[in-house]
Amino acid sequence: MWRWRYVSGRQLHGFRHYKYSAVDTNPLSVYIMQPIWNKIIKIVPLWIAPNLLTFSGFIMILFNYFLISFYDWDYTASGTSPGLVPTWVWLFSAFTTFCAYALDSIDGKHARRTQSSTPLGELFDHGLDSWATSIFVLSFFSVCSCDNGKTGVSVYTMYIYLSIVLFNFMCSHWEKYNTGVLFLPWGYDISQVVLIAAYLLTGTVGVEVWQKPLLFGYYITDLLVILLIGFSLFLSFPQTLYNIHRAHLKKTLKNDSLYEGLLPLVSPLLLFVLLTVWVVLSPSNILAKQPRLFLWMVGVAFSNVICKVIICQMSSTRPELFHWFLFPLALVVYAAISGLLGHMEEAVLGVFTALVTAAHVHYGVCVGRQLSEHLNIYIFSLKKRVQE
């Protein structure tokens, strides 16, 4: 079951020749956070595998997500009934977010410190990041709550917010696919600091702080959405296009044709087209009925699509034109919007979400095992494998 070989022989060969290249120009990261991480890394024992740090951070945010979900499944606890989420949950969220942020920031440093940097480590890191990105956002939605007619944000705004965040993540790795260099997005460090501050503010002042106008009649949630859209449209995406254009001028692009360069975008964009069609044309208004379940499915499906792009980028191979998730998703969306599902739409969403999640976990475990065997290393240990 766990021996399925998702990575082709050509891709395995490509991993052997992969070299990591990244650029970080964010002042917040360079001048404030990096000095902090350099101090924290000194207390990490040398026998701990870097991937263990990465996975520990992911487990913390996953546990925090399920904890918040227990108290606020439908994203209304902080709006219509303030106080249903205990104060300690928000403070715990701030703690787990900071720990995950720290662990994700020092795992690479620890790998270089222990001379254990491998392509598997980078794939493990970025693969979990592709999933964690949505989990961070879905946890934060419980702070601002669904719109109750006065404050909060609508489930449609949540969907747009999540889509923009995932779009930015996709652009970073599409950029790397074409340039060979990962230009670390400024939004990551800023978003982590904002998340931690938001949880601390909610825990110390209460959820009521999100229900009072802050400036010119605008609520904090309104300003955050405006900042996110502005940051994406006027800084992040233009910077991605500029870096690709600059690589083109320097003749360092990894792909010569326009088709090859745009190929990684096809499946992610089709994924969001299908999901948006379902949201807009759903007869039962599925997003409003099951916002947490639907948005979780969006994040998992996106993560699997992007993981395949990351593998192709690292192994210098061509990504597939259509990800296999698109075909069952298209059938489900058609059945839903045509009315064939009827009252079964919510149940089908639940089953489809469970299958997508199980498929993604299976994919991650199998890819990890396959690469660890090929590179003769263990995922969570610094010991070398014994050659058979």
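Guide: E260 is buried, with a relative accessible area of 15%; here buried means under 20% relative accessible area, exposed means over 50%, and partly exposed is anything in between, computed with a 1.4 Å probe on protein chains only. Before going on, please keep in mind that this is a predicted model, in which local features need a pLDDT of at least 70 and side-chain atom pairs count only at pLDDT 80 or more, while totals for chains, interfaces and linings use all residues. Residues are numbered from 1 along each chain as its sequence is written, and side-chain values use heavy atoms, leaving out hydrogens and water.

The side chain of E260 meets that of R318 in a salt bridge, at 2.3 Å from N to O, a term that requires a side-chain nitrogen of Lys or Arg within 4 Å of a carboxyl oxygen of Asp or Glu. This pair links distant parts of the chain, since E260 belongs to helix α9 (residues 258-281) and R318 to the loop between α11 and α12 (326-337), 58 residues apart; helices are DSSP runs of H or I with at least four residues, numbered from the N terminus.

E320 is partly exposed, with a relative accessible area of 37%, whereas K308 is buried, at 19%.

A further salt bridge is formed by the side chains of K289 and E346, at 3.8 Å from N to O. Because K289 lies in helix α10 and E346 in helix α13 (residues 345-374), the pair ties together parts 57 residues apart in sequence. Both of its members are partly exposed, K289 at 47% relative accessibility and E346 at 29%.

Leaving aside neighbours within four places in sequence, Q290 is in contact with W73, E346 and L349, where contact means heavy atoms within 4.5 Å. Q290 is itself buried, with a relative accessible area of 18%.

Terms used
Helix = DSSP H or I, 4+ residues; strand = E, 2+ residues; numbered from the N terminus.
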